Amino acid sequence: MTWKGRSIVSILDFKRSELEELFQEARIMEEQLSKGKVEKILSDRIVAMAFFEPSTRTRLSFETAAKRLGASVIGFTGEEAISVAKGENLADTIRMLSSYADLIVLRHRYEGAALYASKVSSVPVINGGDGRQHHPTQAMLDLYTVARELGRIDGLVYGVLGDLRYGRAAASFILGLTRFSPRKVYLISPPNLGLRREVRMLVEEQGLPVEEASLEEVVSELDVLYVTRVQKERFPDPEEYERVKGAYRIIPSILEGAKESMIIMHPLPRVDEIDHRVDSTRHARYFKQAAYGIPVRMAILKLVLTG
Amino acid sequence: MTWKGRSIVSILDFKRSELEELFQEARIMEEQLSKGKVEKILSDRIVAMAFFEPSTRTRLSFETAAKRLGASVIGFTGEEAISVAKGENLADTIRMLSSYADLIVLRHRYEGAALYASKVSSVPVINGGDGRQHHPTQAMLDLYTVARELGRIDGLVYGVLGDLRYGRAAASFILGLTRFSPRKVYLISPPNLGLRREVRMLVEEQGLPVEEASLEEVVSELDVLYVTRVQKERFPDPEEYERVKGAYRIIPSILEGAKESMIIMHPLPRVDEIDHRVDSTRHARYFKQAAYGIPVRMAILKLVLTG
Amino acid sequence: MTWKGRSIVSILDFKRSELEELFQEARIMEEQLSKGKVEKILSDRIVAMAFFEPSTRTRLSFETAAKRLGASVIGFTGEEAISVAKGENLADTIRMLSSYADLIVLRHRYEGAALYASKVSSVPVINGGDGRQHHPTQAMLDLYTVARELGRIDGLVYGVLGDLRYGRAAASFILGLTRFSPRKVYLISPPNLGLRREVRMLVEEQGLPVEEASLEEVVSELDVLYVTRVQKERFPDPEEYERVKGAYRIIPSILEGAKESMIIMHPLPRVDEIDHRVDSTRHARYFKQAAYGIPVRMAILKLVLTG
């Protein structure tokens, strides 16, 4: 498959070579951005944002990417999305949008919404997050961040920490790693928030060297620590949450044994899972990661819309 | 009257020749759209969307049309509109907007809001739907759909089905037909949701050959079946609703006697008034109709803003 | 300090000469607007609107200014802003936005939010209103309105009427006047809604000739009457409100003794503090004032982004 005209549903639909093509394009976009002069190659295109579930950061990141390339943006989010969803079924909404816009970015609570939308749409659909596993463009920008900050994705030791069960960014990142050859991927989560069985099976099938661990045990080995939040509401017993939460909160002391070059990533927003004192350490890369989202999404839009 | 600088309040303000001029312009827009290369003739213009009543489809359709022509869009909708409406009267809001933008698209619950706004505004106001009868740009795109799909508007047999009392799209379509010479316009509605007396008198005065009918009786005669929803909430007695609703729901079996060339239109969103199995029949035109909204609204914006 | 790259937190950060430079630039923008042909000098820029507190007018005014200059706009407001604020702290939101956009306009309930944001942002932050005193761009456009309508700011007699305690537009206007040499500034407010002590001390230190007065006493002396609303909710005792409100409502009869050339300004929205019959008098300038907001904010964006 080529990029042009393609819907983006899951990171698993992409081969390593396709991701590498994307990263090359993103690098070019980065350079144009740093010069403050981006070619307006999408000035005849309209991108529709159909955000049935709110996500300000993903929405703003895509809108910024589209507008940097000269595209116009239409769409809905928040309260308006609820009334759209009540008024008609998803297929009708997508059919309407695909007669207005040249590409649709869809965010939806339900697993499979993006795949379904891509079937009824006459224009490409990009999954801006659906269900619990898929957020392919987040995985793309996360992988790009590793490549740009550490020079490679292969051969590194990763720790993915937090809620691996309900957090779609973490799951997508792990799925994305199957396209490369990490040395090890440590899964660091409370027992009730571990990787779903089907995702675990899938990544093992792909040969990804995953292993459960505690942060303390493995912190000194890590090249990348990918942090996501552990939400109190996921615990049936609040006491259980209080008992475990300390192990999933990144504070400076826990980083003492880490490699100097280890980077900490986070899909944002963070609440208190990374202490603010960590922001000024050499490890912090989460704001840079958010910034990389722009050239990566610009590259995605370019490849899908113009090839 | 010429189009340039004109407010669009009611479809009745337009002569046949003016509508034909619009349709010619819309045809040119269609061609530009199909080539993916639209002249950005409105790149120095700002269009304000003042949506005091939510309408995602009308809003997105106008925004798409404006952006395709290079215009910028500002505005408010939803919750924000409520706070605008609380904070000041309509005249002040319109005065403010008309000092910011070059054209205002207004959506409002109250009959007459668009006319009033057009009086206080220093820029043209387009009625994006107000009260129960007026949605002139919907009527324009509906008439254009008939012309494009069947080659003409005159001499055809129309059935307008559903809530003709509260549905502004249906009422506007019927009013728009008075500018042409249909052979017959069948009004197909529950007794309590028939055309308002004043609208009925008005269209008869204009010589429109209207007649009440049931779908079953006339389906074989129809060239155009325009469907709108019958809402349960309009019935004081739920049992009455249950009793009649079947007669206003389009299912494949009811279409068996229809002409092959008959087209089914709907202003969208549809809920269950058209069965999804109808979508794949040769009759379905409602998504194409929504798509025609873009070139028609582009043509409207062009004519009003540049002549 | 030069304008380029500068954050705009308080009107007090600006010298008279800097404001005069702004007004010159705004005059050029006015001319371009009146010709309907504005140079798109910001077509490579993105402006982020971070409206944690709703303000449709300020938001639309900035968006219009940005778009007139060819900039793209991203952002959030309303309900979405609430969820942003819940999800992460202000610093993280600003860091994210400053990696997307070239400039941030911030509206926030809390005093000091804009100053704090300007410290953590890597791009300029413009205070679109925070706390109870600061709304510097409103003060700029208000001063510009006086200059344009009366030919000068110095040597005039001002009356600032209404809620001077909680109204940030009124406070900012008075602070802005300290950069010029008014002959007199009358403070016309209910006793419990007078200028805050710290603001009063500050403006006196700057040598501004302020004095409490009633409108009746001074109306004949005024060159400028700046009106803001007195809200019922500010009064612990509703009877007290009923007793005083008449003195803070502008009706035609109260203007009988005014100079012919006196102008009435208001930051809008107005509710009933200015009777609608005043709109058609020679004194009314509040809609013109809103219109001046566009060239002034265009000039601000130009100076901050391009120098």
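The model is predicted, so local features need pLDDT of at least 70 and side-chain atom pairs count only at pLDDT 80 or more, while totals for chains, interfaces and linings use all residues. Residues are numbered from 1 along each chain as its sequence is written, chains are lettered from A in the order in which they are written, and side-chain values use heavy atoms, with hydrogens and water left out.

**Arrangement of the chains**

| Superposition | Rotation | Shift along axis | RMSD |
|---|---|---|---|
| chain C on chain A | 120° | 0.0 Å | 0.0 Å |
| chain C on chain B | 120° | 0.0 Å | 0.0 Å |

**The contact of chain C with chain B**

With contact taken as heavy atoms within 4.5 Å, chain C contributes 25 residues and chain B contributes 24 residues. Because only 4% of the interface residues of chain C are also interface residues in chain B, the copies meet through different surfaces. The size of an interface is often given as the accessible area lost when the parts come together. Here the buried area (accessible area, with a 1.4 Å probe, that two parts lose on being put together, summed over both) is about 2,000 Å², and carbon and sulfur atoms give 48% of it. Arg57(C), Leu60(C) and Arg68(C) supply 27% of the area that chain C buries against chain B, more than any other three residues.

Seven salt bridges (a side-chain nitrogen of Lys or Arg within 4 Å of a carboxyl oxygen of Asp or Glu) are counted between chain C and chain B. One of them joins Lys40(C) to Asp44(B), whose closest N and O atoms are 2.7 Å apart.

**The cavity**

On a 1 Å grid over the protein atoms alone, a cavity is a set of points where a 1.4 Å probe fits but cannot get out, and lining residues have an atom within 4 Å of a point. One cavity of 30 Å³ or more is found, and the largest cavity holds about 50 Å³ of space. Its lining includes Val38(A), Lys40(A), Lys67(A) and Arg68(A), together with Ser43(C), Asp44(C), Arg45(C), Ile46(C) and Ser72(C).

Definitions and conventions. Least-squares fit on C-alpha atoms with pLDDT ≥ 70 in both. 1 Å grid on protein atoms, 1.4 Å probe; cavity = no way out; pocket = protein on both sides within 12 Å on 5 of 7 lines; lining within 4 Å. Points joined across faces, edges and corners; volume = space filled by probe spheres on them.
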